[in-house]
Amino acid sequence: MSAHDEVEYLLRLADDRLVLGHRLSEWCGHAPILEEDIALANIALDLIGHANLLLTLAADKEGKRRDADALAFLRDGIDYRNCLLVELPKGDFAVTIARQFFFSTYSLLLSDALRQAANDDLAGIAAKMHKESRYHVRHSGEWVLRLGGGTDESHERLQAAVNDLWRYTGELFLTDDVEQRLVSQRLAVDASALETPWKSQVMDVLGRAGIATPDVAWMQRGGRLGKHTEHLGHMLAEMQVLQRQHPGASW
Amino acid sequence: MRVLESVMDPEVPVLNVVELGIVRDVELLENGARVTVTPTYSGCPAMAVIERDIAQALRDHGVGRVEVRTRYTPAWTTDWIPAEAREKLRAYGIAPPGPAEHDAPVQLGRRRPAVRCPFCGSSHTTLESEFGSTACKSIHVCDDCRQPFEEFKPI
């Protein structure tokens, strides 16, 4: 069932980026300053672009005559395979930046390794993700330093955001049979191997920002199996409303 | 190829799609042509327009069937933009890209190499944001002539 495994894995990669891209796009017109509004919208566009490439590949592998749009706009929450971290509400600016920093650091490590995938299309998409993720890591990482070393309020808000989000980071490094079967064929990256470098890079920057790393042992999980928080349903209702009400509508 | 040099980037209309490095290969077939393109940024909305413009330009020149294919590997880089095209960018008011960093570790808060102001040539410029009006540009201000300007950012 290699094709089934591949589709499943591509959906995990794509859904993380589609859901996070949509969450980031919620800042459009609401960010604290104009340059930041533009930056968050740009990063959202990159993420949705990655999702589009990955969903196109998934649709092709699946062979059920569903295209990327059908996968994005006509799947229910239970069929979404994103991790819980990306579906949480955008929160305040500190929550958005902390999440972006956690995810971008992970995505840079993942895409770096995925460039060696045995599937040329996937390796090519990973190479693009890798180049663009460098800008995302720098943008969010510099904001972590700025907020952590800024005012008392910015520091407190960032610390609170890191405390709240930390328990959702463990899921990024969970692996299962689907992934392990693909790893042995060089069609996936062993996510568990990314945890140590991720922690060291993230804790280095948090330390420089004067932010304490939470001491949380228990991690939330479930997104990869379709068990989501209540937030995803609300988000999808908004994201999918047009295609649900006017099937096939286009510009 | 000559026909494709008339297809300009809709967002940066001084560069054509060959100079940008988007067109990777052109094969002439019996009754048409097959063009292989490599996308710039993953989320660049101009890519769909570019592909349509390529097909249209070839059809306007009597090429019957046009097939536009996408190739992801090797990933597009601004290092493919030749020197003459960089000069066109500068004359248009966009600072050309420096060398791409590729695999060097990401550094935070580093002092980036100064981007030259495309208007007065000064190197005393300040980066305002690495994200600008399109996916491919960053925003700077010249500290000498006080002119805000964009850079085609290296990737």
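Colleague: How much of chain B counts as buried?
Modeller: Of its 155 residues, 37% count as buried. Keep in mind that this is a predicted model.

Colleague: What are the overall dimensions of chain B, going by its C-alpha atoms?
Modeller: Along the principal axes, the C-alpha atoms of chain B fill a box of roughly 55 × 30 × 25 Å.

Colleague: And how many helices and strands are in chain B?
Modeller: Chain B has 2 helices and 7 strands. Starting at the N terminus, the elements run β-β-α-β-α-β-β-β-β.

Colleague: What share of the chain B contacts join residues at least 24 apart?
Modeller: Counting contacts between residues at least 6 apart in sequence, 51% join residues at least 24 apart.

Colleague: Let's do the sheets. What is the strand order in the one with 3 strands?
Modeller: The order is 1-2-3 in chain B, in an open sheet with mixed pairing. Strand 1 (23-29) and strand 3 of chain B are at the edges with a single partner strand each, so one side of each has no neighbour in the sheet. From one strand to the next, the twist averages 15 degrees.

Colleague: Which sense do strand 1 and strand 2 of chain B pair in, parallel or antiparallel?
Modeller: Antiparallel, over 6 bridges. A hairpin of 2 residues connects strand 1 of chain B to strand 2 of chain B. One bridge pair there is Val26(B) with Val35(B), the latter in strand 2 of chain B.

Colleague: And strand 2 with strand 3 of chain B, how do they run?
Modeller: Strand 2 (residues 32-37) and strand 3 of chain B run parallel, joined by 6 bridges. Val35(B) turns up again here, standing opposite Val68(B) in strand 3 of chain B.

Colleague: What packs on that sheet?
Modeller: Helix 1 (residues 46-60) of chain B does, touching strand 2 and strand 3 of chain B. The direction of helix 1 makes about 155 degrees with that of strand 3 of chain B.

Colleague: Now the sheet with 4 strands. What order are they in?
Modeller: The order is 4-7-6-5 in chain B; this sheet is open too, and its pairing is mixed. Strand 4 (94-95) and strand 5 (125-129) of chain B are the edge strands, each with a single partner strand, so each has one side without a neighbour in the sheet.

Colleague: How many bridges between strand 5 and strand 6 of chain B?
Modeller: There are 4, and strand 5 pairs with strand 6 (residues 137-142) of chain B in the antiparallel sense. Thr125(B) has Cys142(B), in strand 6 of chain B, as its bridge partner.

Colleague: Where is the cis peptide bond that involves Pro74(B)?
Modeller: The bond runs from Thr73(B) to Pro74(B), and its omega is near -5 degrees. Pro74(B) sits in the loop between strand 3 (65-70) and helix 2 (83-92) of chain B.

Colleague: Over to chain A. What is the phi of Arg65(A)?
Modeller: Positive, about 55 degrees, although Arg65(A) is not a glycine. Arg65(A) is in the loop between helix 2 (34-62) and helix 3 (68-73) of chain A.

Colleague: Is Arg65(A) buried or exposed?
Modeller: Exposed, because 7 other C-beta atoms lie within 10 Å, and the cut-off for exposed is 12 or fewer.

Colleague: What about Arg186(A), what is its phi?
Modeller: Arg186(A) has a positive phi as well, about 60 degrees, and is not a glycine. Its place is the loop between helix 8 (177-184) and helix 9 (195-208) of chain A. Arg186(A) counts as partly exposed because it has 13 C-beta neighbours inside 10 Å.

Colleague: How many residues of helix 5 of chain A are buried?
Modeller: 19 of its 22 residues, so helix 5 of chain A is mostly covered.

Colleague: What span should helix 5 of chain A have?
Modeller: At 1.5 Å a residue, the 22 residues of helix 5 (residues 93-114) should span 32 Å. The end C-alpha atoms are 30 Å apart, which agrees.

Colleague: At what angle do helix 6 and helix 7 of chain A cross?
Modeller: Roughly 125 degrees, and the axes of helix 6 (residues 120-148) and helix 7 (residues 152-165) of chain A come within 7 Å. The two helices are therefore oblique to each other.

Colleague: Which residues make that contact?
Modeller: Val144(A), Leu147(A) and Gly148(A) from helix 6 of chain A, and Ser154(A), His155(A) and Leu158(A) from helix 7 of chain A. By class, that is 3 nonpolar, 3 polar and no charged residues.

Colleague: Last one: how many residues of chain B are in contact with chain A?
Modeller: 17 residues of chain B, in contact with 28 residues of chain A. The chain B side has 9 nonpolar, 6 polar and 2 charged residues.

Key. Residues numbered from 1 in each chain as written. Chains lettered and ligands numbered in written order. Predicted model: local features only at pLDDT ≥ 70, side-chain atom pairs only at ≥ 80, totals over all residues. Contact = placed C-beta atoms within 7 Å. Nonpolar A, V, L, I, M, F, W, Y, C, P; charged D, E, K, R; others polar. Buried ≥ 20, exposed ≤ 12 C-beta atoms within 10 Å, placed from the backbone. Pairing = 2+ DSSP bridges. Axes fitted to C-alpha atoms, helices over the stretch in contact; angles between N-to-C directions. Parallel < 35°, antiparallel > 145°, perpendicular 65-115°, else oblique. Expected span 1.5 Å × (residues − 1).
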